[in-house]
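The report below is to be read alongside the sequence and the structure.

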Amino acid sequence: MVGSAGHASTGDFDKVLVLDFGAQYAQLIARRVREAHVFSEIVPRTITAAEVMEHEPAGIILSGGPASVYAPEAYQIDPEILDLGVPTLGICYGHQVIAHELGGEVASNDVAEYGRAHLTVAAPSLLLRGLPEEQVVWMSHRDAVVTPPDGFSVVAATPDSPVAAMEDRRRNIYGVQFHPEVAHTDRGQEILKHFLYEACRARPLWTHASIIEHSVDAVRAGVGDGTVICGLSGGVDSSVAAALVHKAVGDQLVCVFVDHGLLRKDEAIQVEDTFRSSFHMNLIHVNAEDRFLDALAGVVDPEQKRKIIGETFIRVFEEVAAEVSDARFLVQGTLYPDVIESGTADAAKIKSHHNVGGLPEDMELSLIEPLRDLFKDEVRAVGEELGIPEEIVWRQPFPGPGLAVRIIGEVTRERLDILRSADAIVLEEVRRAGLYNDLWQSFAILPAIRSVGVQGDGRTYAYPIVIRAVTSEDAMTADWARLPYEVLERISSRIINEVPGINRVAYDVSSKPPATIEWE
């Protein structure tokens with residue numbers, strides 16, 4: 001019975017829909033809207049006008065995209081969306097879509113605009129009201145609107161974009177060729193706020209306190225007097241989810257910590273000590289290492305690993321639930337990026353998260369997912385508001401499938417022991433250098449391959465370790481961290497000298513996209 005009994009209602013907040021045309025910045029647009037304290041949701045470009053109205057949006061933003069509006073495979077929009085009377089803002093490709101659909105002209109520029117450009121305000125404007133007549137914006141396009149549709153005023157231009165911003169105040173439709181959502185546009189957030197507060201009349205009610213209030217109310221309404229179990233990993237997501245639900249239902253909550261044998265060094269002890277002493281919640285510790293490792297024996301495909309781990313987790317939770325007042329609800333720390341990456345109607349599948357795409361269809365528990373609409377930075381802020389200890393709130397993310405998805409190949413006890421030892425050294429040295437809180441994640445990966453090395457006077461044939469460290473705000477995009485050479489040198493030297501079975505250390509210098517943060 002897969003359902004969501006405690007998913008906080010977003011109907012209490014004004015909502016802005018972000019239509020995703022395949023832009024690298026679509027998630028960033030959604031985050032910037034939320035930073036203005038207005039709830040946003042990413043929806044597919046294929047959404048119909050009728051489906052839009054089912055969301056009852058206060059506004060619509062059309063994202064950028066990679067194609068030309070004239071390309072045979074160009075992404076289009078249901079033209080009726082522009083006739084709904086809902087305030088609409090097009091950004092980059094979305095700006096061109098509006099012009100193309102409403103009778104304006106889009107043409108290929110002789111000179112592409114990529115990077116910073118100087119914008120000149122040309123006429124009175126809602127979006128640009130109160131901003132300097134000359135300002136720096138961020139461009140990323142080749143095509144440009146050269147003639148606006150009837151009814152639109154050209155309110156700003158750059159040397160290579162004659163219609164860099166346009167407005168039809170009567171229809172409440174706006175377009176900008178530049179990207180107000182990126183930090184390189186000096187006054188971009190103010191431009192978005194003008195659209196949200198003045199064009200959409202959206203109320204800035206999406207605050208951390210209101211998120212908690214509405215989540216607590218939704219959990220109480222969904223659960224009633226039923227018993228709830230929470231899959232607690234000790235990470236920030238499950239910890240904040242547990243604290244929210246505990247605030248709602250108190251002793252009706254029973255936390256279950258499943259040691260699946262895929263944790264980092266000494267993690268099981270740390271999690272149990274922290275939650276028994278800091279939270280005073282009912283906590284059941286289940287040692288299921290043999291069960292998980294037996295289920296993973298011989299499995300190398302990462303999607304299969306995730307699905308096996310997800311299903312085994314659920315089966316363990318169901319067994320515990322049957323012993324705990326026949327609980328009917330399961331709390332999970334599912335986040336919005338988990339949902340997007342696992343593949344929904346709104347996005348192609350990147351990888352199945354064990355708590356989304358890895359769930360069995362015949363599970364007997366109803367899900368409570370109070371964080372399902374939140375990005376990671378929002379979860380951390382909610383955690384601080386709830387008084388969760390700083391060492392948990394700011395703990396680096398750790399995947400639910402644990403080290404199983406950091407071993408590239410079959411998961412064995414030997415490989416787990418090697419990876420645990422190497423990973424512990426990475427974290428020790430990152431903390432020693434004072435970099436832990438500056439990094440989104442830092443960890444070790446064990447590819448199940450061997451290479452030749454020399455140690456002492458002998459030949460070795462051993463595993464490599466790959467170090468991964470990234471910076472990010474929400475895990476939707478990430479950049480590889482420029483760790484100091486001396487830190488990398490210490491990590492490499494210690495791993496090779498202290499961890500048997502390792503003769504080589506490499507550093508991953510790829511960003512997301514095109515890579516993902518985790519390797520599997």
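## Packing of H6 against H11

In H6, Val236, Asp237, Val240 and Leu244 meet Lys376, Val379, Arg380, Val382 and Gly383 of H11, where contact means heavy atoms within 4.5 Å. By class, this contact has five nonpolar, one polar and three charged residues; Ala, Val, Leu, Ile, Met, Phe, Trp, Tyr, Cys and Pro count as nonpolar, Asp, Glu, Lys and Arg as charged, and the others, Gly among them, as polar. The model is a predicted one, in which local features need pLDDT of at least 70 and side-chain atom pairs count only at pLDDT 80 or more, while totals for chains, interfaces and linings use all residues. Residues are numbered from 1 along each chain as its sequence is written, and side-chain values use heavy atoms, with hydrogens and water left out.

Two packed helices are described by the angle between their axes and the distance between the axes. The axes of H6 and helix H11 (residues 376–385) come within 10 Å and cross at roughly 45 degrees, which makes H6 oblique to H11. Axes here are lines fitted to C-alpha atoms, for helices over the stretch in contact, and angles run from 0 to 180 degrees between N-to-C directions; angles under 35 degrees count as roughly parallel, over 145 as roughly antiparallel, 65 to 115 as roughly perpendicular and the rest as oblique. The crossing of H6 and H11 is left-handed, a term used if the near helix is turned anticlockwise from the far one by less than a right angle, with right-handed used if clockwise. Helices (H or I, at least four residues) and strands (E, at least two) are DSSP runs, numbered from the N terminus.

## Packing of H5 against H6

Helix H5 (residues 208–223) and helix H6 (residues 236–249) have axes that come within 9 Å and cross at roughly 65 degrees, and the crossing of H5 and H6 is right-handed. On the H5 side the contact is made by Ile212, Ser215, Val216, Val219, Arg220 and Val223, and on the H6 side by Leu244, Val245, Lys247, Ala248 and Val249. The residues of this contact of H5 with H6 divide into eight nonpolar, one polar and two charged.

## Nonpolar cores

The largest nonpolar core has 94 residues, of which Ile229, Leu253, Val258, Phe317, Ile465 and Ile495 touch the most other members. Such a core is a set of buried Ala, Val, Leu, Ile, Met, Phe, Trp, Tyr and Cys residues joined through side-chain atoms within 4.5 Å. H6 supplies the largest share of this core, with nine residues. Not counting residues up to four places away in sequence, Ile229 touches Leu253, Val254, Val256, Phe317, Ala321, Ala327, Phe329, Leu330, Val331 and Leu365. A second, separate core of 39 residues includes Ile61, Leu119, Leu127 and Ala164.

## Loop residues, buried and exposed

Trp206 is found in the loop between H4 and H5 and is buried, with a relative accessible area of 6%; buried means under 20% relative accessible area, exposed over 50%, and partly exposed in between (1.4 Å probe, protein chains only). Leaving aside its neighbours within four places in sequence, Trp206 is in contact with Phe13, Arg34, His37, Val38, Phe39, Ile211, Leu374 and Glu378. The C-alpha atoms of Trp206 and Val33 are separated by 9.8 Å, although these residues are 173 residues apart along the chain.

Asn172, in the loop between strand E8 (161–168) and strand E9 (173–176), counts as buried at 17% relative accessibility, and it touches Val86, Pro87, Thr88 and Ala199, not counting residues up to four places away in sequence. Gly103, by contrast, counts as exposed at 63% relative accessibility and sits in the loop between helix H3 (93–101) and strand E5 (105–121).

## Backbone geometry

Glu56, in the loop between helix H2 (49–54) and strand E3 (59–62), has a phi near 50 degrees, a positive value in a residue other than glycine, and is exposed, with a relative accessible area of 66%. Arg201, in the loop between helix H4 (188–199) and H5, has a positive phi of about 60 degrees although it is not a glycine, and counts as exposed at 65% relative accessibility.

In the segment after strand E20 (502–507), where Pro513 is found, a cis peptide bond with omega of about -15 degrees joins Lys512 and Pro513. A cis peptide bond also joins Pro513 and Pro514, with omega of about 15 degrees.
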